[in-house]
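Visitor: Please pick one part of this model and take me through it slowly. I'd like to see which side chains meet there and where they sit.

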Amino acid sequence: MEFAELIKTPRVDGVVLHRPFMPTVEGTLCLTGHHLILSSRQDNTEELWLLHSNIDSIEKRFVGSLGSIIVKCKDLRVIQLDIPGMEECLNIASSIEALSTLDSISLMYPFFYRPMFEVIEDGWNSFLPQDAFKDLESMVWTDEWRLSEVNKDFSVCPSYPPLVAVPKDIDDDSLKKVATFRHGGRFPVLSYYHKKNGMVMMRAGQPLTGTNGRRCKEDEKLINATLRPGKRGYIIDTRTINVAQQAKARGGGFESEGNYPQWRRIHKAIERSNVLQESLIKLVEACNDQSHSMDRWLSKLEASNWQTHVKEVLTTACLAAQCIDREGASVLVHGTEGTDSTLLVTSLAQIILDPACRTIKGFQNLVEREWLQAGHPFQQRCAQSAYSNSKPRLEAPVFLLFLDGVWQILRQFPCSFEFTESLLVLLFEHAYASQFGTFLGNSAAGRAKLSLPEKTVSLWSWVNRPQELERLTNPLYEANSLVIWPSVAPQSLLLWEGVFLRWNRSSKSLDEAYDEMVHIIEYNKELQNKVNTLRRQLAQLETEDPLLHTP
């Protein structure tokens, strides 16, 4: 298929662009296979480049011969294009609708994008599964764990990567049997090892016990192999007990105490995908509605239940972290499929427990390991955002909920993270629409089939450029090796304005305040360096002449 076939009118002059809190721009609108481009007549530096894949929906309005297109984007911005001529407006709208809903992944922009920057570090090789477990070979716990290639051709579990860490005493034949007992073949694998006490966190799909109470001795042996002598473990099920019971009728279920006597099961409900999607739609609708009083606005905000979902995931992540760090117990996390709420809990728990995950590279590694390699279906979940007119199918803001959770912790511990919220916003944007191939596909198997490392550029190649790292670095950062415990009290959890109110307010004052803060911090650091230099010089003089010693 040629993109030209979908572009009825490639260029229109005299188009006026309206954006909140920004001056209007009049210029020439051009449509390409992947971009909507508007160039200003007055100022050649003023340009809008919008990926068609970032467009969630459009609305058409007409007043006489003047047509307007309201473009609603997946990154939650809303813009208006005033187009002279009804036919031109209809043609542009029709073309945008066709180009923004292409079904074939191979026609998406990442396959056509050629970077204008020097690729210093190939992001596709930055966080390979084998590298994520390099410490495995040098630590004392190599006697307990191993890397398995049982899924090297993705036949055992289509949503797992080729390499997974499993207990050393469990052979690959046993893993294959366990895979038939777990939803989607997602047998329990290592998610996190807590160096402080040797406890671990695993993740999996639900056990397929069914109504007959089916059991799997290999599964029981696998998760028991993670326990220390005399220790009990915790199974955190991200469903209510009623939902877990109902799953039995569909062939699913949960671990019975009779077959897993050394494990205590805890149900901590996290809402399913469709509920989260509806919540996001209501939240964005509330954030865009400026016609009501403050009380009315807060009421709509509360009715969206988004903050409730943030509280739920943080509470469950804190529980998992508490079991590992304070109880000294290992944890297994699963819901139904093991690709959504499970990953929310395991990844946020690692933010709490592991200081490495709070660094820029460590956080990238976490996203790669616990989301991309772990099989979160990005292509399905991020196909639509909050504005789409079509009925949600598999779409859900699960990854956005994770980023929101990280932002809540970052806000409470602003000095413990090497990165700022800019990195979180960047990941939100690129998960929904990007020139990079990182978030394409639904699993490692899908990305391998699409040959993404050979045909597209990785987002990490862009992020790890020195100038981009400098932009994302938190000037307040001081390495903190401790576990950090966020508050989940309602008054401690705020609306993430940097995403949800980003386009509905002027950021000029905030940007100026941030720049001033950075300036003050840099000045103080420079002053501190001068003081340290003087102290070293004085110490040097004192060693050379004892008479100069000052008490």
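Guide: Let's begin with lysine 196 and aspartate 325, whose side chains meet in a salt bridge with N and O 3.1 Å apart (a Lys or Arg side-chain nitrogen within 4 Å of an Asp or Glu carboxyl oxygen). Lysine 196 belongs to the loop between strand E10 (189–193) and strand E11 (200–203), while aspartate 325 is in helix H8 (residues 306–325), so this pair links distant parts of the chain, 129 residues apart (helices, H or I with at least four residues, and strands, E with at least two, are DSSP runs numbered from the N terminus). The model is predicted, so local features need pLDDT of at least 70 and side-chain atom pairs pLDDT 80 or more, while totals for chains, interfaces and linings use all residues. Numbering starts from 1 along each chain as its sequence is written, and side-chain values use heavy atoms, without hydrogens or water.

Now look at the surroundings of that pair. Lysine 196 is exposed, at 62% relative accessibility, whereas aspartate 325 is buried, at 12% (buried is under 20%, exposed over 50%, partly exposed in between, with a 1.4 Å probe and protein chains only).

By this rule, the count for the model is 22 salt bridges. Another one joins glutamate 121 and lysine 361, with their closest N and O atoms 3.6 Å apart. Glutamate 121 is in the loop between H1 and helix H2 (129–132), and lysine 361 is in helix H10 (residues 360–372), so this pair ties together parts that are 240 residues apart in sequence. Both ends are partly exposed: glutamate 121 has a relative accessible area of 26%, and lysine 361 has 38%.

Let's move on to lysine 72 and glutamate 59, which form a salt bridge at 2.9 Å, N to O. Because lysine 72 lies in strand E6 and glutamate 59 in strand E5, the pair ties together parts 13 residues apart in sequence. Lysine 72 is buried, with a relative accessible area of 19%, while glutamate 59 is partly exposed, with 29%.
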